[in-house]
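Hello,

Here is the structure for your pocket work. My notes on pockets and helix packing follow below it.

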Amino acid sequence: MTAKIISVFNQKGGCAKSTSTVQLAGTLGLRGYKVFVIDMDPQNTSALWALAATDTPFPAEILSFAPLGEHFVEKVKTLVERFDILIIDNPPALDSRVPWASLLISDLAIIPCIPVMDNIWASRQAEDLVERAQKENPSLQATYLMSMVRRGNVFDQCLTVLEQKAKLPIMKTKIAMRNAYPESQIFGCVVGQFGNSPAAKEQEALVDEVIGLLGIKLKKRVNKL
Ligand SMILES: Nc1ncnc2c1ncn2[C@@H]1O[C@H](COP(=O)(O)OP(=O)(O)OP(=O)(O)O)[C@@H](O)[C@H]1O
Ligand SMILES: [Mg+2]
């Protein structure tokens, strides 16, 4: 077994990196994949999220390696043989070496982006980092994931701007702004563990799309929504 590695990154703060990481990891875990999340953000959001689980353990392993800084990659070597998928939750920092180290070992970079202009302006820096990393890691794929999407002309217009200027593809699945996401933090779970809901459905669609990009064997969820 050699794990596929996903980097969730964007230097822009608060664009849903940790939420995307945790939901993706847990939803893949519910499908039967062995998933390990490396929390590289000193705020420990992902690690604390999993620790909030009470009755049912979180469906993926999540640990903070943030104190190791860019040297966390040494730890990854020991994990790739034990897991199907590793997901790295990156810190929101332009001056950190961690996203760079993370992109160099990844198969897929997911860049969460809210359809508002400040996120779209910042996307240039994320694209530059991907472009440089792809020179050293040519197998790295990268894609935007629209997050906290709301209905309305403002958001539609911003999405159109990104579609026109983006050098990277945008995932077909879009994640809406929903109370279910902060609610799932309270219970230390993913939205799919609440039963069937629009949030659960969009996460299942996201998992299908990610599995397609990684080119790994599709596992369907056993206990249906
Ligand atoms: N789809 C969503 N619907 C509603 N709230 C959301 C959604 N996604 C994220 N949030 C909320 O937005 C806030 C920021 O999300 P999150 O912590 O995932 O961002 P981040 O990019 O990891 O932040 P940081 O840059 O600080 O690491 C959190 O309070 C989270 O609960
Ligand atoms: Mg975060």
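**Pockets**

The second largest pocket has 15 lining residues, and those nearest its centre are Gly-14, Ala-16, Lys-17, Ser-18 and Thr-45. On a 1 Å grid over the protein atoms alone, a pocket is an open set of points where a 1.4 Å probe fits, with protein on both sides within 12 Å along at least five of seven lines; lining residues have an atom within 4 Å of a point. The volume of the second largest pocket is about 180 Å³. Volume here is the space filled by probe spheres set on the points, with grid points joined across faces, edges and corners.

This is a predicted model: local features need pLDDT of at least 70, side-chain atom pairs count only at pLDDT 80 or more, and totals for chains, interfaces and linings use all residues. Residues are numbered from 1 along each chain as its sequence is written, chains are lettered from A and ligands numbered from 1 in the order in which they are written, and side-chain values use heavy atoms, leaving out hydrogens and water.

Helix α1 gives the most to the lining of the second largest pocket, with 3 residues. Helices are DSSP runs (H or I, at least four residues), numbered from the N terminus. By class, this lining has 4 nonpolar, 8 polar and 3 charged residues. Ala, Val, Leu, Ile, Met, Phe, Trp, Tyr, Cys and Pro count as nonpolar, Asp, Glu, Lys and Arg as charged, and the others, Gly among them, as polar.

The largest pocket holds about 220 Å³. It is lined by 17 residues, with Ala-16, Thr-19, Met-148, Tyr-181 and Pro-182 closest to its centre. Two or more lining residues come from each of α1 (17-30), α7 (180-186) and α8 (198-214).

**Helix packing**

The axes of α1 and α8 come within 10 Å and cross at roughly 85°. Axes are lines fitted to C-alpha atoms over the stretch in contact, and angles run from 0 to 180 degrees between N-to-C directions. So α1 is roughly perpendicular to α8 (65 to 115 degrees). Gln-23, Leu-24, Thr-27 and Leu-28 of α1 meet α8 residues including Leu-206 and Val-210 (contact: heavy atoms within 4.5 Å).

Helices α5 (residues 117-136) and α6 (residues 153-165) pack at about 15°, axes 9 Å apart. They are therefore roughly parallel (under 35 degrees).

Best wishes

How values were computed
Angles under 35 degrees count as roughly parallel, over 145 as roughly antiparallel, 65 to 115 as roughly perpendicular and the rest as oblique.
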